[in-house]
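Reader: I have a structure to go through. Help me see what stands behind the labels.

Author: Here it is.

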Amino acid sequence: MNDGEKKVRLDKWLWAARFYKTRALASGAVTGGKVHLAGQRIKPSRSVKIGDCFEVQRGYERYEIIVTGLSERRGSACAAQVLYRETETSIEKRGTEAEKRKLAMMQRPHSASRPDKKQRRQIRQFNRKS
């Protein structure tokens, strides 16, 4: 049986491609609408074919990937990278979004350490008055 005839469930493939740590997480993500095929929600039991284009959302990151290989087994990270190819637009979007998040985090006030006892009292006192 070659790769063209081979059938692999979507949740199993996402797990083998190392998008999710467990197959249950992959299945939950697909059921929860985090994985789309051509803009449509799909089921975890759907068969993956070479050439399928998926949109996978994982945390803040959104991947647009094209399936280049099939596998039911989870292998090394190098082996997992052979199973898919990320589109150029997806790579650019993820880079710009990461920069935006980084800049937003830099604008938030950040203290050097946790508040000490006196500062905690002042915070509690301030919150009671509000």
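**Salt bridges and sheet**

Author: The side chains of R94 and E61 form a salt bridge, with N to O at 3.8 Å. The model is predicted.

Reader: Why is the pair of R94 and E61 called a salt bridge?

Author: The cut-off is a Lys or Arg side-chain nitrogen within 4 Å of an Asp or Glu carboxyl oxygen. R94 and E61 meet at 3.8 Å, N to O, so the pair qualifies.

Reader: What does the pair of R94 and E61 tie together?

Author: R94 lies in helix α4 and E61 in strand β6, so the link joins parts 33 residues apart in sequence. Salt bridges with shared partners join R58, E61, E86 and R94 into one network.

Reader: Why is R94 called partly exposed?

Author: Buried means under 20% relative accessible area, and exposed means over 50%. R94 has 22%, so R94 falls in between.

Reader: Is D11 buried or exposed?

Author: Buried. The relative accessible area of D11 is 3%, and the limit for buried is under 20%.

Reader: Which side chains meet D11 in salt bridges?

Author: R9 meets D11 at 3.1 Å, N to O. R23 meets D11 at 3.5 Å, N to O. R23 is in helix α2 and D11 in helix α1, so that pair ties together parts 12 residues apart in sequence.

Reader: What makes β3 and β7 edge strands?

Author: The open sheet runs β3-β2-β5-β6-β7, with antiparallel pairing. β3 and β7 each have a single partner strand, so one side of each lacks a neighbour in the sheet.

Terms used: Residues are numbered from 1 along each chain as its sequence is written. This is a predicted model: local features need pLDDT of at least 70, side-chain atom pairs count only at pLDDT 80 or more; totals for chains, interfaces and linings use all residues. Side-chain values use heavy atoms; hydrogens and water are left out. Two strands pair if DSSP finds at least two bridges between them. Helices (H or I, at least four residues) and strands (E, at least two) are DSSP runs, numbered from the N terminus. Buried means under 20% relative accessible area, exposed over 50%, partly exposed in between (1.4 Å probe, protein chains only).
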